[in-house]
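This report takes the chain from its overall make-up down to a single residue. Please keep the structure open while reading.

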Amino acid sequence: QSPDGLVINESLHQLEWEPVNADVGEHLLEFSVTDDSGAVAVQSANLVVQNVNDPPSLSQALDSIFILEDAPDFALLLGDYFSDIDQAVVFDSLLYSTTVSDTDLLRINLSGDTLNIHPLSNAFGTAEVGITATDLRSEEHTSELQSHSFISYAVFCLKKKTNIIYK
């Protein structure tokens, strides 16, 4: 028996397999060989696939966001935009950090994976918000910390309110 996709290349006498993230873990391999007289030999072996720390990725684009001056506060759930394939295998988690290009237009703060955005009163213009998703995972049997980051930017355009007076 073998994991999905594992094949024996009989002409080269070797196993061929390219494991993916879902294959992380231990697999029992059983080999049997039959000679010309019909005698059979069976051998078992464990094959261990270790996880490689993959970087976070952008799962949904962060498009420009247009809001009106004096708009109410709102929030973005960063987990809707960033993902890490390792989260399902080794329960890796993402840490977020942010920057804002113009603090006279809006204030931001992070609470877990929620980015809270507070447009300032009577302010309009364009601000760029940088969002960095970083995974941190210590490798087994070492004291080194391996991390990967992915940075994306969202542009917030605050438009000035205009009052239209009809006469």
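## Burial and surface

Of the 167 residues in the chain, 28% are buried. Buried means under 20% relative accessible area, exposed over 50%, and partly exposed in between, with a 1.4 Å probe and protein chains only. The accessible surface of the chain is about 11,300 Å². Carbon and sulfur atoms account for 51% of that surface. These areas come from the Shrake-Rupley method with a 1.4 Å probe; for residues, only the protein chains shown count as cover.

The model is predicted: local features need pLDDT of at least 70, side-chain atom pairs count only at pLDDT 80 or more, and totals for chains, interfaces and linings use all residues. Residues are numbered from 1 along each chain as its sequence is written, and side-chain values use heavy atoms, with hydrogens and water left out.

## Fold

The chain has one helix and 13 strands. Helices (H or I, at least four residues) and strands (E, at least two) are DSSP runs, numbered from the N terminus. Along the sequence the pattern reads β-β-β-β-β-β-β-β-α-β-β-β-β-β.

Contact means heavy atoms within 4.5 Å. Among contacts between residues at least 6 apart in sequence, 56% join residues at least 24 apart.

Two strands pair if DSSP finds at least two bridges between them.

Strand 7 and strand 11 (residues 114-119) run antiparallel and are joined by four bridges. Phe74 faces Ile117 in strand 11.

## Nonpolar core

A nonpolar core is a set of buried Ala, Val, Leu, Ile, Met, Phe, Trp, Tyr and Cys residues joined through side-chain atoms within 4.5 Å. The largest has 20 residues. Leu62, Leu76, Leu78, Phe82, Tyr96, Leu115 and Ile131 touch the most other members. Strand 6 (65-68), strand 9 (94-100), strand 11 and strand 12 (125-138) each give two or more residues to this core. Strand 12 gives the most, with four.

## Asn21

Asn21 sits in the loop between strand 2 (14-16) and strand 3 (25-34). Is Asn21 buried or exposed? Asn21 is buried, because its relative accessible area is 15%. Leaving aside neighbours within four places in sequence, Asn21 contacts Asn51, Asp54, Ile85, Asp86 and Val89.
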